[in-house]
Amino acid sequence: MESELIGLLLLVIFAWIAGSKASRLVYSPNTERLHRKARKQLFWAGYILVPAAAVLTAIVLMILSLNSAFWQDRAFLHAPLVAIPVLSVFVMAVPKLVRLRKGTKAASEAEVPLEADVRGHSAEPGLIVPFQATALGALTAFYYSMSAPVPFQWDDTVPLVLFLVAVAGLWVRHDRRYWKVSHPNTVVRYRPWVMLLRNLSVLIIVVLAAGGVFYVSMQNSRLPEQMDMMSGVVDYGGGAVAAANDHAHHSSGNTSSSSANSNPAVSVSQLTGPRTGTPDRKFTLTAEKATVRLSSGKSVDAWTYNGQIPGPELRIKQGELIEVTLNNKDIEQGATIHWHGLDVPNAEDGVAGVTQDSVMPGETYTYRFVAEQAGTFWYHSHQQSKEAVQKGLFGALIVEPKTDDMDPKVKDITLMTHRWNETFAVSVSDSVERMSIEPGTPVRLRLVNTDDWVRQKYQLTGTPFQVSAIDGSDLHQPEVIENTLLELTTGGRYDITFVMPDTPVFMGIGGKNKLGLFMSPDGKGDIPDNSTVAATTFNPAAYGSTGPVPFHAASRFDRNFTMILDNKLGFYNGQFNNLYTINGEVFPDTPMFMVREGELVKTTIINRGAVDHPMHLHGHHMLVLSRNGKPVTGTWWSDTLDVLPGDTYEVAFRADNPGIWMDHCHNLVHAAAGMTMHLMYEGVTSPFTIGSATRNHPE
Ligand code: C2O
Ligand code: CU
């Protein structure tokens with residue numbers, strides 16, 4: 001992809017030079033000079049060919065190796081924008097140049113001023129415009145690479161139309177000049193100042209026009225002061241409802257609020273956990289500022305739950321009714337609690353402006369839900385999440401299986417990794433922790449990466465192990481592995497299990513021996529040598545075997561959504577930036593996926609961009625069906641799926657938890673820059689609003 005971009009840039013430059021040289025042929029002082037210049041111009045036709053061929057080769061290679069979503073635009077837009085003008089150079093301009101050379105040959109010895117007809121031949125539009133069109137075509141293709149028209153929208157045609165208009169305009173202009181200079185009475189003088197002035201004025205007009213477009217798109221990108229989650233562009237994923245409601249949606253321009261269907265509306269506030277009944281466990285979390293010390297002595301000005309970072313680990317048992325009271329002491333921005341990965345009822349999901357109002361200083365909010373799944377989860381504030389999580393408003397949420405299935409001997413350790421300012425730490429430990437564990441003890445390490453740093457490296461040495469669970473869901477028959485590097489995406493969790501040997505074991509974090517957990521029978525000893533460990537990276541798509549699943553790749557899906565992740569240059573909330581887009585847009589122009597309760601939903605997630613995006617869907621676990629066309633071997637349920645550049649995943653879930661659910665990149669920097677959308681259930685509405693005029697800023 002980079003070679004395509006470089007090729008396009010070179011093509012713009014070469015063709016630009018060639019075009020301006022071609023249009024100056026007519027100013028040759030005499031026939032001999034024209035003869036020589038025409039020869040040079042033929043060379044320029046050759047120079048153009050090199051970058052053009054590079055671009056086309058890069059595109060062909062992409063077609064051969066990648067899914068069509070990666071190259072459709074390149075094959076059908078970039079390639080013609082390059083190939084057609086270059087072809088016109090060879091079928092139109094080159095023969096004219098050859099003829100021009102023949103026509104000036106006889107006179108080439110003598111220094112004769114140009115005859116009117118020779119002047120005409122050297123100023124023919126067919127000789128000049130193909131070079132200029134090549135430059136403009138490559139420029140247009142370059143624009144399309146920076147802002148891919150995928151999926152296609154009508155306003156994506158604007159640059160193409162501008163290109164065609166510009167080429168037509170150049171043709172008209174050169175045609176007029178051609179008639180002028182071929183007239184015997186015309187005196188042709190090379191007036192560089194006049195040309196410079198003319199070019200300058202064209203440049204000024206273009207810059208002003210571009211500036212206008214720039215300004216308007218900047219203003220348009222400002223987020224509304226107040227909006228709700230029901231307004232936006234609905235994507236029906238080709239579902240049954242789309243057909244049934246077709247008329248209604250056409251009349252409203254494909255934008256529709258969820259009131260357009262027949263179900264009586266339900267507010268997210270009604271979709272609560274059990275409101276009555278004595279809770280099995282009660283917790284109180286107070287959001288407050290605190291200065292906390294890391295083990296090295298470094299101090300961190302943190303936003304905390306209960307004055308500690310991470311917040312207290314909440315340990316509960318599957319099936320229990322939980323009640324958590326959130327108090328906000330002094331976090332002026334407000335706070336909430338989102339139960340990341342736990343599929344709670346919608347009203348308990350803790351997203352400011354979607355399922356509740358942000359809890360401001362002095363306020364209180366109570367969450368009540370039954371923990372249905374057992375596994376490793378975490379909680380964090382979902383009000384200004386990027387800042388809140390970076391500063392420490394998060395903690396571990398561990399749901400243990402029901403008492404009778406639980407081995408009481410298990411040494412169960414949570415390792416939450418985070419970066420405090422520039423220091424990486426596990427909880428508050430920013431060096432190697434030592435722990436004594438009796439040989440023979442079953443050990444479970446729960447790895448949670450809470451950092452915006454997209455991926456964290458974990459390496460266990462000294463024992464074989466299993467990855468028993470991903471994102472809080474157990475794997476089926478996970479193989480015992482060794483010497484395997486684990487890379488965990490932000491928001492994701494891996495549960496690692498092994499039986500403690502009588503020799504030391506080390507869980508190294510961040511690829512060095514400076515951070516991690518050292519375990520040995522007496523807590524003493526040396527870190528096992530891991531310098532020679534083979535660097536295979538754990539691949540969840542080829543691990544474990546298929547257990548019982550409620551649906552699979554061959555099931556009939558009620559909805560098929562496509563989520564294309566990419567980058568483009570553009571505005572978000574008035575700021576020009578490199579944007580991370582979903583289906584070409586940033587929030588609030590990203591699509592809303594609409595489903596109906598009970599449906600089976602498939603989503604194809606494609607990353608065309610340059611960086612990873614851990615995509616996190618609230619309220620549901622996605623069964624990963626395939627990666628890059630290959631079926632996943634195990635039973636891999638994910639709630640935070642790390643989609644790498646070039647990856648295509650197929651995932652599926654049952655729409656069994658009605659509500660309005662965020663679906664966003666869990667690199668919270670990306671989410672805060674607009675890489676967020678939501679999943680909607682038909683008939684569900686939200687009374688809450690977000691925007692600068694409200695207190696709610698979920699990202
Ligand atoms: Cu862990 Cu929407 O977030
Ligand atoms: Cu991202």
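Author: A term comes before the figures: buried area is the accessible area (1.4 Å probe) that two parts lose on being put together, summed over both. The model is predicted, with local features needing pLDDT of at least 70 and side-chain atom pairs counting only at pLDDT 80 or more, while totals for chains, interfaces and linings use all residues. Residues are numbered from 1 along each chain as its sequence is written, chains are lettered from A and ligands numbered from 1 in the order in which they are written, and side-chain values use heavy atoms, with hydrogens and water left out.

Reader: Which domains does the assignment give?

Author: The chain is assigned domain 1 (1–190), domain 2 (275–403), domain 3 (407–538) and domain 4 (559–690); such bounds come from an automatic or database domain assignment.

Reader: How much area do domain 2 and domain 4 bury between them?

Author: Domain 2 and domain 4 bury about 1,600 Å², with 60% of it on carbon and sulfur atoms. In this interface, 24 residues of domain 2 are in contact (heavy atoms within 4.5 Å) with 22 residues of domain 4. The C-alpha centres of the two domains are 23 Å apart.

Reader: And how many salt bridges cross the interface of domain 2 and domain 4?

Author: The rule finds zero there. It asks for a side-chain nitrogen of Lys or Arg within 4 Å of a carboxyl oxygen of Asp or Glu. The structure as a whole holds 33 salt bridges. One of them joins the side chains of Glu288 and Lys329, at 3.2 Å from N to O. That pair links distant parts of the chain, 41 residues apart: Glu288 is in strand S3 (residues 281–293), and Lys329 is in the loop between strand S6 (321–328) and strand S7 (338–340). Helices (H or I, at least four residues) and strands (E, at least two) are DSSP runs, numbered from the N terminus.

Reader: Turning to pockets, where does the second largest pocket lie?

Author: It lies between domain 2 and domain 4, because both give residues to its lining. The space in this pocket is about 660 Å³. Of its 30 lining residues, Leu223, Tyr572, Asn573, Ala672 and Glu699 are the closest to its centre. On a 1 Å grid over the protein atoms alone, a pocket is an open set with protein on both sides within 12 Å along at least five of seven lines, a cavity is a set of points where a 1.4 Å probe fits but cannot get out, and lining residues have an atom within 4 Å of a point. Grid points are joined across faces, edges and corners, and a volume is the space filled by probe spheres set on the points.

Reader: Which element supplies the largest share of that lining?

Author: Strand S24 (575–582) does, with five residues. Helix H10 (385–391) and helix H11 (668–672) also each supply at least two. By class, the lining has 15 nonpolar, eleven polar and four charged residues; Ala, Val, Leu, Ile, Met, Phe, Trp, Tyr, Cys and Pro count as nonpolar, Asp, Glu, Lys and Arg as charged, and the others, Gly among them, as polar.
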